[in-house]
Amino acid sequence: METITVQKNQEGQRLDRILARYLEQAPKSFFYRMLRKKNITLNGKKAAGNERLKEGDTITLFLSPETIARFQGDKRPAEEALRKPAGAMPEIVYEDREVLLFNKPAGMLTQKARKEDTSLNDWLLYHALDKRELTGEELNLFRPSVCNRLDRNTSGLVTAGKTLAGLREMNSLLRERTMKKYYLTLAAGQVKADHVHGYLAKDSGNNQVKIYDSRDVRCPSDAVETETAWTPLEYRNGLTLLKVHLITGRSHQIRAQLAWAGHPVAGDGKYGSPRLNRRLREDYGLKHQLLHAWQMEFPLCAGVLSGLSGSCQIADPPALFRRILREEGFLWQPGIPEA
């Protein structure tokens with residue numbers, strides 16, 4: 001017999017999903033058969049599996065230790081999260097019991113692409129364990145996770161849910177676009193303010209996207225609508241510092257739409273200007289796009305996101321971004337939000 005006590009982090013999950021995570025090698029038919037036979041109970045009573053769990057609920061498994069071990073599979077991922085990731089801890093911009101906002105450095109993955117990678121998600125898990133907000137055993141039932149992704153070489157604000165409730169509410173804000181996201185970037189040429197609509201199609205083989213201005217015969221049927229607005233903050237030395245409002249949130253959207261408009265992002269090896277990129281690499285050692293997720297403006301929120309209600313969260317640009325601004329002659333200071 002084994003008993004699982006539902007913690008705050010697992011509250012709101014369905015019983016069958018908790019069981020699927022805890023006994024990850026077992027088929028669903030096994031859970032439902034055990035529930036029907038009362039070999040698995042919820043608070044000492046028969047359960048169907050679709051119940052939403054509350055903190056303090058108890059799930060009892062009247063199963064042999066051998067059966068539980070056989071269906072639990074390899075639990076090393078939970079053990080690996082206990083080890084501190086390599087490198088420096090990313091800056092935490094905001095944190096409460098439910099959610100967290102990181103300032104991700106350029107060069108760090110948001111989530112692993114390969115097992116050996118170190119990602120922002122690894123730091124999230126380690127931080128929660130280090131603060132004792134979570135135990136290694138609880139990771140077998142619920143894992144905190146980042147909510148929005150940034151490209152490896154894009155820096156700035158990334159949201160994360162530390163509890164299931166925080167994860168759900170933050171994902172809801174992102175899905176409904178009630179939270180506004182603003183980026184800083186340096187773009188080639190003198191850029192005028194614009195609000196652009198288009199259609200974005202992925203080329204998965206080359207990990208690139210292409211922008212179309214209308215759904216004509218050239219536009220693939222699976223292209224998705226994009227919407228981006230940008231405002232010039234300052235122009236110097238053939239470069240424009242832009243504040244970009246990311247309205248939709250597609251893969252490579254800002255980089256591709258600015259390149260499509262004739263003003264590629266400085267340092268962008270995929271969509272950018274080879275000549276400009278070469279100059280910035282020689283002058284500053286820049287090897288990636290200068291694109292930074294700078295501000296998040298939150299709507300009025302109640303409940304688990306009340307700590308962020310109506311706030312504007314800001315992530316300072318990386319030191320190299322600030323150095324290039326300074327040495328290229330820009331006077332604008334990134335610490336104060338622009339209207």
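Predicted model: local features only at pLDDT ≥ 70, side-chain atom pairs only at ≥ 80, totals over all residues.
Close-up 1. At 10% relative accessibility, F71 falls under the 20% cut-off, so F71 counts as buried. F30 belongs to helix α2 (residues 28-36) and F71 to helix α3 (residues 65-72), so the pair ties together parts of the chain that are 41 residues apart in sequence. Look at R70 as well: R70 lies over the face of F71, 4.5 Å from the ring centre.

**Close-up 2. W123 and Y126 within helix α5.** Here the ring centres are 6.1 Å apart and the planes stand at 90°, over the 60 degrees needed, so this pair is edge-to-face. Both W123 and Y126 sit in helix α5 (residues 120-130), 3 residues apart, or about one turn of the helix. W123 has 0% relative accessibility and so counts as buried. Y126, with a relative accessible area of 17%, is buried as well.

**Close-up 3. A charge over a ring: K243 and Y182.** Zoom in on the side chain of K243 and you'll find its charged end over the ring of Y182, 4.5 Å from the ring's centre.

**Close-up 4. Helix α7 and the strands it packs against.** Helix α7 (residues 253-260) is mostly covered, with 6 of its 8 residues buried. Those buried residues are Q253, I254, R255, A256, Q257 and L258. What do they pack against? The buried residues of α7 pack against the strands β8 (180-188), β9 (194-203), β10 (208-212), β11 (224-236), β12 (239-246) and β13 (291-297). Just after α7 comes G262, which takes a positive phi of about 90°.

**Close-up 5. The largest pocket.** This pocket has a volume of about 1200 Å³. It is lined by 50 residues, and the closest to its centre are R149, D151, R250, S251 and H252. Elements giving two or more residues to the lining are α6 (164-176), β8, β9, β10, β12, α7 and α8 (274-284). Sorted by class, the lining of the largest pocket holds 15 nonpolar, 19 polar and 16 charged residues.

**Close-up 6. T41 in strand β2.** T41 has its place in strand β2 (residues 40-42). Is T41 buried or exposed? Its relative accessible area is 5%, so T41 counts as buried. Leaving aside neighbours within four places in sequence, T41 is in contact with T58, I59, T60 and F62.

**Close-up 7. L141 in a loop.** You'll find L141 in the loop between α5 and β6 (145-146). L141 is buried, with a relative accessible area of 5%. Which residues does L141 touch, not counting those up to four places away in sequence? They are I4, Q10, Q13, I18, R21 and Y22. For a sense of distance, take L141 and D117, which are 24 residues apart along the chain: their C-alpha atoms are separated by 23 Å.

Terms used:
Residues numbered from 1 in each chain as written. Heavy atoms only, no water. Buried < 20%, exposed > 50% of the residue type's maximum accessible area, 1.4 Å probe, protein only. Helix = DSSP H or I, 4+ residues; strand = E, 2+ residues; numbered from the N terminus. Contact = heavy atoms within 4.5 Å. 1 Å grid on protein atoms, 1.4 Å probe; cavity = no way out; pocket = protein on both sides within 12 Å on 5 of 7 lines; lining within 4 Å. Points joined across faces, edges and corners; volume = space filled by probe spheres on them. Nonpolar A, V, L, I, M, F, W, Y, C, P; charged D, E, K, R; others polar. Phe/Tyr/Trp six-rings, centres within 6.5 Å; stacked < 30°, edge-to-face > 60°. Lys NZ or Arg CZ within 6 Å of the ring centre and 35° of its normal.
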